[in-house]
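Hi there,

Here is the structure I promised to pass on to you.

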Amino acid sequence: MVVSVILTTGKGMNVSSLTSQSFIERLIQEDYEFFTGVPCSLLSGLIYELESQKEGIRYVPSVREDAAVGLCVGAYLAGTMPVLLMQNSGLGYCLNAFTSLSLIYKIPTLVIMSWRGKAGKDAPEHIIMGDIDQELLKTAGMEYSILSEENCEEVLKKAKQKICDEKLPYTLIIEKGLFDERH
Amino acid sequence: MKGTEAFQELIPLIKDEPVVHANGFICRESFSLKDREANFYMIGSMGLASSIGLGVALCKPDKKVIIIDGDGNVLMAMGTLAMIAAEAPKNLIHVVIDNEVYESTGSQRSLSSKVRLEEVARSTGYKNVLRVEKREEIKAAFLKLKDSAGPNFLLIKVEPGFDPATGRVTHTPEEITDRFMQAIG
C-alpha cells in the first residue's frame, strides 16, 4: 500500500507528503482498527477520511471524551487496537478516565489530540488548556509527541512501542495546519 | 427486594458471557457472589461501564455482552445511552440495578426516584426495554432480553441495603485486564 507521496518542492527538495488520507492509511497499516472521538476542526480532515473508509474500519462518534476512553478500553479488551481523536479541551473531561481506568488497568490507546490555544493565539476558551495540556499529560505520566511531517514515522514507531510493550496510552498532538480541514 | 437479592437472582443466569460491572457495590456484590474471569470489574471511572461494554460488544459481535450498571452511573453517562442506541449492537444487554441512591458513598439520593431511566433508554432507541420490581420477575425478563436482538435494557428496582461487610475486588486492575482478555479470546 502506498501511504506517502513524494513531492518536489519549489526548491527542488524531496519531502514526503503527510495528508489526512495518507495518515489514516498509515494508521490502518499499523493495525489500528477502531476509531472514536469527539470532533475538532483541526481533526475534521482525519474524521472525514475515517468516515470514508470501507470494510473493517469503524469510526464511532462519541458524545464525550471520557465515554470515548471507555469505548477504546472496551475495544482493546476485545482484541482491537483503538484510536481516540479529540480536541485538547477534551483532555479535561477525560483525565480521570485515563488515571482511574486506562493507566491502572494497563489498557493502551493511541490518542490524537488537537492543539487549540497554542501560544495564546486562539479564542478565549482555548487559551488556558492550550497552555497547560502538555503539562497535564506529563503530570499524568502520559507520553506524547507533537506530530509533524518530518517526525511522523519515528513518532508512530515510538507510539507503537509504548502501546504494545508498555501498554500505555500515547498521544500525538496535532497543530493547526498539519491536516486539511473540512467544513 | 434488596440489591443483594437481585444479584442472587441474576448471576446464576449468566453463563459464559463477558460482563462489565460498574464501580461501587455493583462490582463488590458480583465479585463476592461469584468471581469469574469473564467479569470486568471497573473499580473507578464512574459512568464508563456502559461505554466499555459498548466497545466490547462492537468488537465481539458474536458474543452476548452484559453490562451491569447502577443508577448513578447511568445518570452520569446518559449520553452513552444514545451512543448504544445509535450503534445498536444486537449482542448487548444493559442491566441497571436501580436503588435510587449512591449507596457506596453513604446513600445520598440520586435522581432516579424522579426520572425513569428505562424510559430514557427506550426513547434513545434501545430495542427492548423492561422494568422489574420483584425478584421473581428477574429471571423471565433477563432471559427474554438475552434471546432478543438488542441493544436491550433491563431496569431492576431495588431497595438500598448494601452490606458494607461485602468484600472488595481483590484482583489488581492489571490482573482484571489480563484474565478478562484471555477469557473472551
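On one side of helix α6 of chain A, the residues A:Glu153, A:Glu154, A:Lys157, A:Gln161 and A:Asp165 are exposed. Please keep in mind that this is a predicted model.

Which residues of α6(A) are buried? They are A:Cys152, A:Leu156, A:Ala159 and A:Ile163. Looking down the axis of α6(A), you will find these buried residues within an arc of 65°, so they line one face of the helix. What do they pack against? Their partners are α1 (20-29), β6 (110-114) and β8 (170-174), which belong to chain A.

The helix itself covers residues 152-165, which makes 14 residues. From its first C-alpha to its last, α6(A) reaches 20 Å, close to the 20 Å expected at 1.5 Å a residue. Just after α6(A) comes A:Lys167, with a positive phi of about 55°.

Now for the sheet in chain A. It is an open sheet of six strands with parallel pairing, in the order β4-β3-β5-β6-β8-β7. At the edges are β4 (58-61) and β7 (143-146), each of which pairs on one side only. On average, neighbouring strands of this sheet are turned by 20° against each other, direction ignored.

Is it mostly covered or mostly open? Mostly covered: six of the seven residues of β5(A) are buried. Strand β3(A), residues 32-37, runs parallel to β5(A) and is joined to it by five bridges. There, A:Gly37 has A:Leu85 of β5(A) as its bridge partner. Five bridges also link β5(A) with β6(A), again in parallel, and A:Met86 is partnered by A:Met113 in β6(A).

Further along, β7(A) and β8(A) pair in the parallel sense over four bridges. You can look for A:Glu143, which stands opposite A:Tyr170 in β8(A).

Finally, have a look at where the two chains meet. Here 27 residues of chain B are in contact with 26 residues of chain A. On the chain B side, the elements giving two or more residues are α3 (49-59), α5 (78-87) and α8 (173-184). The largest share, eight residues, comes from α3(B). By class, this side of chain B has 15 nonpolar, nine polar and three charged residues.

Enjoy exploring, and write back whenever you like!

Best wishes

Terms used
Residues are numbered from 1 along each chain as its sequence is written. Chains are lettered from A and ligands numbered from 1 in the order in which they are written. This is a predicted model: local features need pLDDT of at least 70, side-chain atom pairs count only at pLDDT 80 or more; totals for chains, interfaces and linings use all residues. The expected span of a helix is 1.5 Å times one less than its number of residues. A residue is buried if 20 or more other C-beta atoms lie within 10 Å of its own, exposed if 12 or fewer, and partly exposed in between; C-beta atoms are placed from the backbone. The arc is that of the directions from the helix axis to the C-beta atoms. Two residues are in contact if their C-beta atoms, placed from the backbone, lie within 7 Å. Ala, Val, Leu, Ile, Met, Phe, Trp, Tyr, Cys and Pro count as nonpolar, Asp, Glu, Lys and Arg as charged, and the others, Gly among them, as polar. Two strands pair if DSSP finds at least two bridges between them. Axes are lines fitted to C-alpha atoms, for helices over the stretch in contact, and angles run from 0 to 180 degrees between N-to-C directions.
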